[in-house]
Amino acid sequence: MKPESAVPVVALDGPAGAGKGTVGRALALRLGWHYLDSGALYRIAALAALRAALDKTQTAAIAALIPGLEIEFRGGEAALDGKDVSRAIRGEGVGAVASAIAAEPAVREALVARQRAFRRPPGLVADGRDMGTVVFADAVLKIFLTASPGERARRRYKQLKEQGIDVTLPRLERELRRRDAQDAGRKVAPLKMAGDAVMLDTDRHAASWAVEQIVARLAEAAKRGGLSMDLEP
Ligand code: CDP
């Protein structure tokens, strides 16, 4: 079997609601690769902390809780200790706690090994904030996916409504802005574009456009790096 580091990774980073999940899942499907929603891990840790009645400032206790959590992803579902939590982790309440605890180095450390374990042949599409800068700094391709704050809020609003989660657009926009500022402003693994990343602005484009852009760049990167990849649709 190939050494883990020989398994190609596409790192997909960017702010909240930029479409990383939609694009990342479609890309993984298209390539036949594994997919990591690293944000879901932070959200599950936040949910576990809330359920354990821990305050978001009790970060040492939260970090200590993480190794014992039984986390599983099957299809599009996320499970915590055997129970489906896909909907429970999606709200902006859990998102805000996730962002608060994600600023704590001990919490990030507790989640890094779990993220790297997703790197399995034939490849991995990894979505998050620090995929290209920290967790998979050797990624074969780094993408920074973005869109304007208004567009990102509208997309997330639609998504949450479809899941039956009650939100208002102005409030959601405020919450996303606050979370982005917190994620970009933290000392450890802040949300920022890696120096060698390609920025894709999806404001006026569908997710399928971003997927095609990424596949084309991946083919170029593979050629440059002498990697053999089957990128046919
Ligand atoms: O889906 P959305 O972009 O709104 O957020 P997410 O990817 O589910 O991530 C939730 C929160 O987890 C983010 O606001 C970050 O604070 C944190 N996170 C992180 O710090 N590092 C990652 N690699 C992924 C998420």
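These questions and answers cover selected residues and helix pairs in a predicted model.

The model is predicted, so local features need pLDDT of at least 70 and side-chain atom pairs count only at pLDDT 80 or more, while totals for chains, interfaces and linings use all residues. Residues are numbered from 1 along each chain as its sequence is written, and side-chain values use heavy atoms, with hydrogens and water left out.

Reader: In which strand is Asp 37 found?
Author: Helices (H or I, at least four residues) and strands (E, at least two) are DSSP runs, numbered from the N terminus. Asp 37 lies in the run of residues 34-37. That run is strand S2.

Reader: Is Asp 37 buried or exposed?
Author: Buried means under 20% relative accessible area, exposed over 50%, and partly exposed in between (1.4 Å probe, protein chains only). Asp 37 has a relative accessible area of 12%, so Asp 37 is buried.

Reader: With which side chain does the side chain of Asp 37 make a polar contact?
Author: A polar contact is a pair of N or O atoms within 3.5 Å; within protein, one must be able to donate a hydrogen and the other to accept it, and residues adjacent in sequence count only if both atoms are side-chain atoms. Contact alone means heavy atoms within 4.5 Å. Not counting residues up to four places away in sequence, Asp 37 touches Arg 25, Phe 73, Arg 90 and Asp 127. The polar contact, at 3.2 Å, is with the side chain of Arg 90.

Reader: What is the relative accessibility of Gly 128?
Author: Gly 128 sits in strand S6 (residues 124-128). Residues up to four places away in sequence aside, Gly 128 touches Leu 12, Asp 13, Gly 14, Lys 20 and Ser 38. Gly 128 counts as buried because its relative accessibility is 1%.

Reader: Which residue's backbone oxygen does the side chain of Arg 186 reach?
Author: Arg 186 is in the loop between helix H8 (169-185) and strand S8 (198-201). Arg 186 counts as buried, at 7% relative accessibility. At 2.8 Å, its side chain reaches the backbone oxygen of Ala 189.

Reader: How is Lys 161 classed, with a relative accessible area of 37%?
Author: Lys 161 belongs to helix H7 (residues 149-162). Leaving aside neighbours within four places in sequence, Lys 161 is in contact with Asp 166 and Val 167. At 37%, Lys 161 is partly exposed.

Reader: Why is H1 oblique to H9?
Author: Axes are lines fitted to C-alpha atoms, for helices over the stretch in contact, and angles run from 0 to 180 degrees between N-to-C directions. Angles under 35 degrees count as roughly parallel, over 145 as roughly antiparallel, 65 to 115 as roughly perpendicular and the rest as oblique. The axes of H1 (residues 20-31) and H9 (residues 207-224) come within 9 Å and cross at roughly 50°. That angle makes the pair oblique.

Reader: How many charged residues has the contact of H2 with H4?
Author: The axes of H2 (residues 38-51) and H4 (residues 92-101) come within 8 Å and cross at roughly 100°. H2 is therefore roughly perpendicular to H4. Ala, Val, Leu, Ile, Met, Phe, Trp, Tyr, Cys and Pro count as nonpolar, Asp, Glu, Lys and Arg as charged, and the others, Gly among them, as polar. By class, the contact of H2 with H4 has nine nonpolar residues, one polar and, as charged residues, two.
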